[in-house]
Amino acid sequence: MDPCIVHPGAPAVGRCQICRQPVCGGCHVLISNRVFCRSHGAKGYKMQQKMAL
Ligand SMILES: [Zn+2]
Ligand SMILES: [Zn+2]
(Lines give C-alpha, C1' and ligand atoms only; values in the text may rest on other atoms or scores of the structure.)
(Ligands and ions follow the chains in the order given, each with its own letter.)
Protein backbone atom coordinates (compact mmCIF):
# COMPACT_ATOMS: atom_id res chain seq x y z
CA MET A 1 0.00 0.00 0.00
CA ASP A 2 1.28 3.48 -0.82
CA PRO A 3 1.94 5.97 1.96
CA CYS A 4 -0.63 8.65 2.76
CA ILE A 5 -0.60 11.64 0.42
CA VAL A 6 -0.70 14.01 3.44
CA HIS A 7 1.56 12.00 5.78
CA PRO A 8 4.38 10.30 3.83
CA GLY A 9 5.40 8.35 6.96
CA ALA A 10 2.00 6.78 7.49
CA PRO A 11 0.69 3.76 5.54
CA ALA A 12 -2.56 4.41 3.71
CA VAL A 13 -5.69 2.53 4.74
CA GLY A 14 -7.47 3.17 1.45
CA ARG A 15 -7.91 5.47 -1.52
CA CYS A 16 -10.26 8.40 -1.94
CA GLN A 17 -13.22 7.37 -4.08
CA ILE A 18 -13.03 10.68 -5.95
CA CYS A 19 -9.35 11.54 -6.50
CA ARG A 20 -7.86 8.04 -5.88
CA GLN A 21 -5.20 9.45 -3.56
CA PRO A 22 -3.98 7.14 -0.77
CA VAL A 23 -5.05 8.31 2.70
CA CYS A 24 -3.97 7.09 6.16
CA GLY A 25 -6.15 6.22 9.13
CA GLY A 26 -5.56 9.66 10.63
CA CYS A 27 -6.92 11.70 7.75
CA HIS A 28 -9.31 9.51 5.81
CA VAL A 29 -13.05 10.13 5.92
CA LEU A 30 -15.26 7.03 5.96
CA ILE A 31 -18.82 7.43 4.69
CA SER A 32 -21.02 4.39 4.10
CA ASN A 33 -17.92 2.15 3.93
CA ARG A 34 -16.39 4.39 1.26
CA VAL A 35 -13.05 6.08 1.83
CA PHE A 36 -12.52 9.73 0.98
CA CYS A 37 -9.65 12.16 1.51
CA ARG A 38 -10.23 15.16 3.76
CA SER A 39 -10.97 17.54 0.92
CA HIS A 40 -13.52 15.18 -0.63
CA GLY A 41 -15.04 13.95 2.64
CA ALA A 42 -17.52 16.83 2.76
CA LYS A 43 -18.50 16.16 -0.85
CA GLY A 44 -19.03 12.48 -0.16
CA TYR A 45 -21.07 13.31 2.91
CA LYS A 46 -23.37 15.55 0.87
CA MET A 47 -23.72 12.83 -1.77
CA GLN A 48 -24.77 10.40 0.94
CA GLN A 49 -27.30 12.84 2.39
CA LYS A 50 -28.83 13.34 -1.04
CA MET A 51 -29.18 9.57 -1.44
CA ALA A 52 -30.79 9.28 1.99
CA LEU A 53 -33.41 11.91 1.17
ZN1 LIG B 1 -10.13 12.97 -2.70
ZN1 LIG C 1 -2.71 11.02 6.45
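Predicted model: local features only at pLDDT ≥ 70, side-chain atom pairs only at ≥ 80, totals over all residues.
Residues are numbered from 1 along each chain as its sequence is written, while chains are lettered from A and ligands numbered from 1 in the order in which they are written.

**Figure 1. The whole chain.** The protein has one helix and four strands. Helices (H or I, at least four residues) and strands (E, at least two) are DSSP runs, numbered from the N terminus. Along the sequence the pattern reads β-β-β-β-α. The C-alpha trace spans about 40 × 15 × 15 Å along its principal axes. Of the 53 residues, 19% are buried. A residue is buried if 20 or more other C-beta atoms lie within 10 Å of its own, exposed if 12 or fewer, and partly exposed in between, with C-beta atoms placed from the backbone.

**Figure 2. The largest nonpolar core.** Seven residues form this core: Cys 4, Ala 12, Cys 16, Val 23, Val 35, Phe 36 and Cys 37. A nonpolar core is a set of buried Ala, Val, Leu, Ile, Met, Phe, Trp, Tyr and Cys residues joined through C-beta atoms within 7 Å. In soluble globular proteins, nonpolar side chains tend to be buried together. Neighbours within four places in sequence aside, Val 23 has contacts that include Cys 4, Ala 12, Cys 16, Val 35 and Cys 37. Val 23 also touches Ile 5, Val 13, Gly 14 and His 28. Two residues are in contact if their C-beta atoms, placed from the backbone, lie within 7 Å.

Figure 3. Strand 1 covers residues 12–15 and strand 2 covers residues 22–24. The two run antiparallel and are joined by three bridges. Strands pair if DSSP finds at least two bridges between them. Ala 12 has Cys 24 as its bridge partner in strand 2. Six residues lie between the strands. Pro 11 belongs to the segment before strand 1. Pro 11 counts as exposed because it has 12 C-beta neighbours inside 10 Å. Beyond four places in sequence, Pro 11 contacts Met 1, Pro 3 and Cys 24. Pro 11 and Gly 25 are 14 residues apart in sequence, with their C-alpha atoms 8.1 Å apart.

**Figure 4. Two loop residues with positive phi.** Most residues other than glycine have a negative phi. Arg 20 is not a glycine, yet its phi is positive, about 65°. Arg 20 lies in the loop between strand 1 and strand 2. Arg 20 is exposed because 9 other C-beta atoms lie within 10 Å. Asn 33 also has a positive phi of about 65° without being a glycine. Its loop runs between strand 3 (29–31) and strand 4 (34–36). Asn 33 is exposed, with 5 other C-beta atoms within 10 Å.

Figure 5. Buried, exposed or partly exposed: which is Arg 34? Arg 34 is partly exposed, because 14 other C-beta atoms lie within 10 Å. Arg 34 and Arg 15 are 19 residues apart in sequence. Their C-alpha atoms are 9.0 Å apart in space.
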